[in-house]
Structure formats: structure tokens, C-alpha cells
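This report walks through one protein chain. It takes up cavities, a surface patch and charged pairs in turn.

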Amino acid sequence: MELNKELTSQLKEKFDDLGQDLEVHLKGLLYSKPINYWDYIQTDALLDLQTQRTVLPDEMVFIMYHQINELLFKMILWEIDQVAKNENLDAVFFSNKLMRISRYFDMLTSSFEIMKDGMEVEQYNKFRNTLTPASGFQSAQYRKIEFASTELINLIDNRFRATIDRNTSFEHAFNHLYWQAAGKDYNTGKKSYLLTVFEERYKDEFIRFAKFYNTNNLWAKFKQLPQEVRVDKKLIKAMRHYDYTVNITWVMAHYNTANHYLNIGGKTAEATGGSEWVKYMHPKYQRRIFFPELWSEQELKDWGENV
């Protein structure tokens, strides 16, 4: 069959733009191997990433479940990045991306049944001791999702929001983020091991990330849209759905699962990282809201109260 001339022309144009010789690349095709599913998906590598620390079978469920979460977090960041770097953003593109992200979080929310009903409480409370002092608190990707979703002020601990504004250094703001409360004694200023090692690993990366998303987060991108786009009902609905899904529905599913395993006989166990998980996780305490201006005064007042 004669090679399609239009296709050849398009390929030549592509490689010319890259400063590459099309003929060299075509010769390379002579020796390349056909792709197959397991190599494309990297199945063997992926399935070799589960390493138990105990002999308890349900620990494998716990490990794989959290790895799946991290893959979904990566998908969410992938979608947000496309909004952040879109110079010609419109309501359709924005809404479609938000609904994709919300579907990922819907999946994360419903999947908590795997954790809540898919492990024996007795087994969990044995193997969890081997996790100490690690904690899901230390998910860097989830922290990035928060940075990429809203203005930094909306992630500041409620007690300190009045003292922080756009002129505040990222370093100072970082030290007053809501999740710092899970690993810091604000009376003494002492940080837990959980928080200390987390910051040693990610703090510089977080600050660089937050600086870019300071003006490119989802809320900032929304406010940069023309007025006629910002009143688009479908877009507003998608924004509110995303906000509620992440900061109420998903958080409460996580909270209820933790409560299932850590509240035995009315006695609340300490989280593996040592955090006061009830007040850290429940939305009515930290009041995480990505897009506060899209909610009524009453809705803001009742945030996390009736769930």
C-alpha cells in the first residue's frame, strides 16, 4: 500500500519543527518492538510495589487502597494543572475539568467502604502499630490539591486567619496552615515527629508549588474569568459540587472510617501519627472551604454541622 502523502507531509512538518530528521525516525521504526498492555501499563512494576510489614492479610488491603488513592490524587492534579495553565479558559472547559475531578473524588468517597467494611477491626488494630509514626496526614499530593484549589488564606487555621494577608510570607503562612494543628502544640510551638519529618521532606517543594498556585489556583482562575462567564450556572454548580465533595462528603467518609476503627467501646484511640484526629478531620472544626463566596451566609455558618 502506498504511504499516505498527506500523512508523510504532516510527519515531516512535525519533525522539522523539532529540528529532527523524519527519515532517521522512520528507520528507527524498523527495529522497534510492538507495544503490549503489560509494558504500556507497567503492570509488573506496579504490582511489585506492595510490601507488607506484618503477616496479617488485611494489611495488604490497607496498602493497596492507599496506593490507589495516591494514583487518583495524581489524576486530580493532572486535571487541575490543565486549568491552571489554560490561557483561554472558558466555562465549558472549566466545568468539564471540575466535574472530572469531582468524579474522582466521588470514587474516593465511595471507596471508603472498602476500608470500613473490608478489613477486620482486630487485624487493623494490630498491624496499625507497625505504621507508627506514619500517617495519611503525610500525603503530599493531597496537600498539593488543596494548594491548587483555593487561595492560601482559606487553608489557614481559623485561629490565625485575621493575622495573615497577601503580604504575609509563604513561610509564615505555611506554619499556620490548618493541618499544622494536627502536629503542633501552639502553646509551646513544639512540632511532633510526624510534622517534623513531613516538613523536612516536602516543605520547600510545597512553598514552590504554593507560589505558582497563588495566582493559578481554581478559585483565582474563576475570578479571572469575564463577569458573564462567572455567572454561568453550570460552572457555579460544578464549583460548589467540587467544594462540597472534597471538604464535606469525602472528609466525612474518611472521618467515619477512622471512627469505625479508632473509636472502640466509646474510647477514642490515638492516630498512628499522634494527631488529634477528631478535630483535625471533622469539617465543622477546621471549616475548609475552597470557594466561600459561592456559598450563602447560612450555608457557611452550617458548614459541617449537619453531616
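## Cavities, patch and salt bridges

Both α10 (170–174) and α11 (193–213) supply at least two residues each to the lining of the second largest cavity. Helices (H or I, at least four residues) and strands (E, at least two) are DSSP runs, numbered from the N terminus. A cavity is a set of points, on a 1 Å grid over the protein atoms alone, where a 1.4 Å probe fits but cannot get out, and lining residues have an atom within 4 Å of a point.

This is a predicted model: local features need pLDDT of at least 70, side-chain atom pairs count only at pLDDT 80 or more, and totals for chains, interfaces and linings use all residues. Residues are numbered from 1 along each chain as its sequence is written, and side-chain values use heavy atoms, with hydrogens and water left out.

**The chain as a whole**

The chain holds 17 helices and four strands. Its C-alpha trace spans about 75 × 55 × 35 Å along the principal axes. Of the 307 residues in the chain, 42% are buried. Buried means under 20% relative accessible area, exposed means over 50%, and partly exposed lies in between (1.4 Å probe, protein chains only).

**The cavities**

How many cavities of 30 Å³ or more does a search of the whole structure find? The search finds two. A volume here is the space filled by probe spheres set on the grid points, which are joined across faces, edges and corners.

The second largest cavity has a volume of about 40 Å³. Phe147, Leu152, Phe170, Phe174, Leu177, Phe206, Ile207 and Ala210 line the second largest cavity. Helix α11 gives the most to this lining, three residues. The lining has eight nonpolar residues, no polar ones and no charged ones. In this count, Ala, Val, Leu, Ile, Met, Phe, Trp, Tyr, Cys and Pro are nonpolar, Asp, Glu, Lys and Arg are charged, and the others, Gly among them, are polar.

The largest cavity holds about 60 Å³ of space. Its lining consists of Phe147, Thr150, Glu151, Leu152, Phe170, Ala210, Tyr213, Asn214 and Asn217. By class, that lining has five nonpolar residues, three polar and one charged.

**The nonpolar patch**

Ile35, Tyr37, Trp38, Tyr40, Ile41, Leu46, Leu47, Leu49 and Leu71 make a nonpolar surface patch of about 1100 Å². The largest share, four residues, comes from α3. Patch residues have over 30% relative accessible area and no salt bridge, and nonpolar side chains (Val, Leu, Ile, Met, Phe, Trp, Tyr) are joined within 5 Å. Areas come from the Shrake-Rupley method with a 1.4 Å probe.

Where does Ile35 lie? Ile35 sits in the loop between α2 (22–29) and α3. Ile35 counts as exposed because its relative accessible area is 65%.

**Salt bridges**

The structure holds 15 salt bridges. A salt bridge is a side-chain nitrogen of Lys or Arg within 4 Å of a carboxyl oxygen of Asp or Glu.

| Pair | N to O distance |
|---|---|
| Lys85 and Asp81 | 3.1 Å |
| Lys126 and Glu122 | 3.5 Å |
| Glu205 and Arg201 | 3.8 Å |

In the Lys85 pair, Lys85 is exposed at 52% relative accessibility, whereas Asp81 is partly exposed at 23%.

Why are Lys126 and Glu122 separated by about one helical turn? They are four residues apart in helix α8 (residues 121–127), so about one turn separates them. Lys126 is partly exposed at 47%, and Glu122 is exposed at 54%.

Glu205 and Arg201 are also four residues apart, about one turn, in helix α11. Glu205 is partly exposed, with a relative accessible area of 25%. Arg201 is exposed at 53%.

Glu79, Lys97 and Arg100 are linked in a network of salt bridges.

**A buried residue**

Is Phe112 buried or exposed? Phe112 is buried, since its relative accessible area is 5%. Phe112 lies in helix α7 (residues 112–117). From Phe112 to Pro57 the C-alpha to C-alpha distance is 18 Å, and the two are 55 residues apart in sequence.

Terms used. Patches are made of residues with over 30% relative accessible area and no salt bridge: like charges are joined within 9 Å, nonpolar side chains (Val, Leu, Ile, Met, Phe, Trp, Tyr) within 5 Å. On a 1 Å grid over the protein atoms alone, a cavity is a set of points where a 1.4 Å probe fits but cannot get out, and a pocket is an open set with protein on both sides within 12 Å along at least five of seven lines; lining residues have an atom within 4 Å of a point.
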